[in-house]
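Work through the exercises below with the model open. Try each task before reading its solution.

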Amino acid sequence: MNTAADNPSSNSTERSDKESFRLFPSEHLLPFVLVTALFFLWGMSNNLTDILVQQFKKSFELSPFQAQLVQTAVFLGYFSMALPAALGMRRWGYKSGILAGLSLFGTGTLMFWPAAIVGRYWLMLLALFVVGCGSATLETAANPFIAQFGPRETSERRLNFSQAFNPPGTIVGVLIGTFFIFSGVELPATRIAQMKSSGVYASYLHSEIMRVVPTYVTLACIVLLLALVISLTPFPIGLAEHDDTEQGTLFTQVVTLLRIPELRAAILAQFCYCGAQVSTWSAFIPYSKQYTGASERTAALFLTGNLIAHAVGRFASTGLMRWIRPSRMMGAYAIVNIFLLFVGVIHPGLIGAGAIMLTSFFMSIMFPTIFALGVRDLGSRTKLGSSLLVMSVVGGAMIPPLLGLIAKRLGSYALGYTVVIACYIVVAMYGLRERAKPVP
């Protein structure tokens, strides 16, 4: 009888199979951990903007459409910087891209200080744009870095694992905004009229604007400290080396990439998903205030419930991916969210808010799954393809103002959520399309 020891080829095959399904790069664990920490960091920053939508709406006296320009500024930064970030990383590697992203991120958060002192909304939007540029650079580097940092067979699971640290960051961001940016003061119209007549209302509004400064300056210090730690940490050579193998102009390379059907479909799905996610969370506080009578802080705590559901969904679903194909799970989750959002539109109030909150559980796996599927098999073109996927998050800049415009015109945040339903229809179609393909 032959044993495993008598069959070297059997041993080799077994080791190869185990290697193929290994999730974590144990030989380079420190850079993996540091890059995973970035997911927490930009999650915290991105969901602080959901607080800023409401804070700026009050302190700058904005319409729903104007307030949603907070999200537009951030995600236009994503759109503008993703491609330059990819080009830089093709020349200097992932580590340089991460350090550049942290530097931009830190600069943008520090810009909140002078912007608040001057008290101009457009300066706040400029600071958010720079933060968005930094986040775009980080995502363009971190997502493909994690996806490629191990066997191809576990890329979706590995990226979902690292992305699972994004939701805890979003929870921390909203809690910080709730207790350190929101003052808890909501003045009735009669009190506002009295303050205006006595000439003190403008100074009150400026004090509300200044509440953002301590939070963002502290965040800047953390970001720059992390940049220092990463600069001193060696990264694996195979992933950080230069990538100058592609020929032709940038335009030619982008056009060639866009001819790949899988990448085109992923870009469209990511555009719609990001528009859905950002719209859901940024409109949730005003939705809750309009239909449940919740105060600012209470509505922000309701928003935290969304983020907890998102975190639970990410961790639970990543575990289930050992047995369920990620694209199949994503398609099913998108269909569930369509029905839940119909409840939020048709039954605005506590029931509707609860249904919208539950969509966060099911949206949890969509970004990393779409991203990993989009960059799969791109080889030396991964950095450039990743930048196109990061650019597609501009959906987060375009869909929320559309929701805000509908809310303003029809006087209903509930009806505004119909645009989110349309986004999930596209994501569901993408998931079903991927489901039809054979397992690689």
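A pocket is an open set of grid points with protein on both sides within 12 Å along at least five of seven lines, and its lining residues have an atom within 4 Å of a point. With that in hand, note that α2 gives three residues to the lining of the second largest pocket, the most of any contributor. The model is predicted.

**Exercise 1. The overall fold**

Task: State how many helices and strands the chain has, and what share of its residues is buried.

Solution: 
- Step 1. The chain holds 24 helices and zero strands.
- Step 2. The cut-off for buried is under 20% relative accessible area. By that cut-off, 57% of the 440 residues are buried.
- Step 3. Look at contacts between residues at least 6 apart in sequence: 85% of them join residues at least 24 apart.
- Step 4. The accessible surface is about 17,700 Å², and carbon and sulfur atoms account for 68% of it.

**Exercise 2. The second largest pocket**

Task: Give the volume of the second largest pocket, then find which residues lie closest to its centre.

Solution: 
- Step 1. The volume of the second largest pocket is about 250 Å³.
- Step 2. Its lining has 13 residues, and Gln-54, Lys-58, Glu-186, Lys-289 and Glu-296 are the closest to the centre.

**Exercise 3. Salt bridges**

Task: Describe the salt bridges of Glu-296, Glu-186 and Glu-61. Which parts of the chain does each one link?

Solution: 
- Step 1. Count first. The structure has four salt bridges.
- Step 2. Glu-296 meets Lys-58 at 3.4 Å, N to O. Glu-296 sits in helix α17 (residues 296-320) and Lys-58 in helix α2, 238 residues apart. Both residues are buried.
- Step 3. Lys-58, Glu-208 and Glu-296 are linked in a network of salt bridges.
- Step 4. Glu-186 pairs with Lys-289, with the closest N and O atoms 2.8 Å apart. Glu-186 is in the loop between α9 and α10 and Lys-289 is in helix α16, so the bridge ties together parts that are 103 residues apart in sequence.
- Step 5. Glu-186 is partly exposed at 35% relative accessibility, and Lys-289 is partly exposed at 25%.
- Step 6. Glu-61 meets Lys-196 at 3.9 Å, N to O. Glu-61 lies in the loop between α2 and α3, and Lys-196 in helix α10 (residues 189-198), 135 residues apart.

**Exercise 4. Backbone angles**

Task: Find the phi of Glu-61 and of Asp-377, and place each residue in the chain.

Solution: 
- Step 1. Glu-61 is not a glycine, yet its phi is positive, about 55 degrees.
- Step 2. Glu-61 belongs to the loop between α2 and α3 (64-67).
- Step 3. Glu-61 has 46%, so it counts as partly exposed.

**Exercise 5. A helix inside the structure**

Task: Why is helix α20 described as largely enclosed by the rest of the structure?

Solution: 
- Step 1. Helix α20 spans residues 366-375. Its buried residues include Met-366, Phe-367, Phe-371 and Val-375.
- Step 2. Ten of its ten residues are buried, so the rest of the structure largely encloses helix α20.

**Exercise 6. The largest cavity**

Task: How many cavities of 30 Å³ or more are there, and which element gives the most to the lining of the largest cavity?

Solution: 
- Step 1. The count is two cavities of 30 Å³ or more.
- Step 2. The largest cavity has about 250 Å³ of space.
- Step 3. It is lined by 21 residues, with Asn-46, Phe-75, Glu-139, Asn-166 and Gln-277 nearest its centre.
- Step 4. At least two lining residues come from each of α2, α4 (69-92), α9 and α15 (261-282). α2 gives the most, with six.

**Exercise 7. A nonpolar patch**

Task: Which residues make the nonpolar surface patch of about 380 Å², and which helix gives the most to it?

Solution: 
- Step 1. The patch is made by Leu-175, Phe-179, Phe-180 and Leu-301.
- Step 2. Helix α9 (residues 166-181) gives the most, with three residues.
- Step 3. Phe-179 is in helix α9. Its relative accessible area is 43%, so Phe-179 is partly exposed.

How values were computed
Residues numbered from 1 in each chain as written. Predicted model: local features only at pLDDT ≥ 70, side-chain atom pairs only at ≥ 80, totals over all residues. Heavy atoms only, no water. Helix = DSSP H or I, 4+ residues; strand = E, 2+ residues; numbered from the N terminus. Buried < 20%, exposed > 50% of the residue type's maximum accessible area, 1.4 Å probe, protein only. Contact = heavy atoms within 4.5 Å. Areas by Shrake-Rupley, 256 points an atom, 1.4 Å probe, with all protein chains shown as cover. Patch = residues over 30% accessible without salt bridge, like charges linked within 9 Å, V, L, I, M, F, W, Y side chains within 5 Å. Salt bridge = Lys/Arg side-chain N within 4 Å of Asp/Glu carboxyl O. 1 Å grid on protein atoms, 1.4 Å probe; cavity = no way out; pocket = protein on both sides within 12 Å on 5 of 7 lines; lining within 4 Å. Points joined across faces, edges and corners; volume = space filled by probe spheres on them.
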